[in-house]
Amino acid sequence: MSAPVLAPAILALSLLAAAPAQSATHLPMPAHLAGAAITDKVVLAARRYAAFWQSGAPALTRQALADDFTDRTLPAGRPQGLAGPLQASDVFHAAVPDLQVAIEDMLVAGDRVTLRLHFTGRFTGVFPTPQGPLQGQGQAIDFYAFDLYRVNAQGRISDNWHLEDNLTLLRQLGVLAP
C-alpha cells in the first residue's frame, strides 16, 4: 500500500482512538471510515449522534447537535430543532427498547459526514399508529438509514438530511402488510 493511501487510514484510526471517553456511554465505532479531510470533531459529532439514537440519552443529543440544529428532511408532525430527534427517539425506544445502532459506513469530507446506519432490535413495546397503539410481539427490527450532517466549528451537527427505510420498518412493526 502506498503512503498516500495509508496516511488517511492511520489518521482515521488515531482520531477514533483519541476520541474523549463518554461516562458509561458507548459511542458506536464505524465499521468503515473514509475521507480525504477527516477531523476528530466531525467524527465525534457523528458518533455521539449515533449513540443518542441507540441509547435515547438526551445528554448525547445536546452534545451532538448545535443549538440551532435544522432537520432538512423534517417528517410531518415532528418538531424542528432539538425537540424533533428527542421526540422521535422517545417514540422509537418505547417500541424497541433494546435498539442497537451500528455505523456501517462513515465518509467525511470537510465539515460534512455521511453515514450508513444499521438499526436492529426487537419490537416488544408499544408503537403509536393512527388506528391506536400497536403492541409488539417480539418481532425483529432490522433496517438501514442514510444521514448527511453538516458539522459546525464547535463540533456539533447544525444540519441533517436523512433517509430511512421506513417501508421495511413499518412492515416489521406490523403497521403495513408484508
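Residues are numbered from 1 along each chain as its sequence is written, and side-chain values use heavy atoms, with hydrogens and water left out. Because the model is predicted, local features need pLDDT of at least 70 and side-chain atom pairs count only at pLDDT 80 or more, whereas totals for chains, interfaces and linings use all residues.

The structure holds 6 salt bridges, a salt bridge being a side-chain nitrogen of Lys or Arg within 4 Å of a carboxyl oxygen of Asp or Glu. Side chains of opposite charge can pair when their charged atoms come close. One of the salt bridges is formed by R72 and D159, with an N to O distance of 2.6 Å. R72 lies in the loop between β2 (65–71) and α4 (83–95) and D159 in strand β8 (residues 157–164), so this pair ties together parts that are 87 residues apart in sequence. Helices (H or I, at least four residues) and strands (E, at least two) are DSSP runs, numbered from the N terminus. R72 is partly exposed because its relative accessibility is 46%, while D159, at 4%, counts as buried. The terms follow relative accessible area: buried is under 20%, exposed is over 50%, and partly exposed is in between (1.4 Å probe, protein chains only).

A further salt bridge links D105 to R116, the closest N and O atoms being 2.7 Å apart. Since D105 belongs to strand β3 (residues 100–109) and R116 to strand β4 (residues 112–123), the pair ties together parts that are 11 residues apart in sequence. D105 is partly exposed, with a relative accessible area of 28%, and R116 is partly exposed at 24%. The side chains of D111 and R112 also meet in a salt bridge (3.6 Å, N to O). D111 has 35% relative accessibility and therefore counts as partly exposed; R112 is partly exposed at 30%. Through salt bridges that share partners, R72, R150 and D159 are joined into one network.

D147, in strand β7 (residues 139–151), is buried yet has no salt bridge. The side chain of D147 does make a polar contact of 2.9 Å with that of Y149. A polar contact is a pair of N or O atoms within 3.5 Å; within protein, one must be able to donate a hydrogen and the other to accept it, and residues adjacent in sequence count only if both atoms are side-chain atoms. Not counting residues up to four places away in sequence, D147 touches Y49, V113, T114, L115, L117, N160, W161, H162 and L163, where contact means heavy atoms within 4.5 Å.

Strand β7 also contains Y144, which is partly exposed because its relative accessibility is 32%.

V175 lies in the segment after α5 (166–173) and is partly exposed, with a relative accessible area of 30%. V175 and P128 are 47 residues apart in sequence and 9.6 Å apart in space, C-alpha to C-alpha. Leaving aside neighbours within four places in sequence, V175 is in contact with F127, T129, L134 and L170.

How values were computed:
Lys and Arg count as positive and Asp and Glu as negative; His and the chain ends are not counted.
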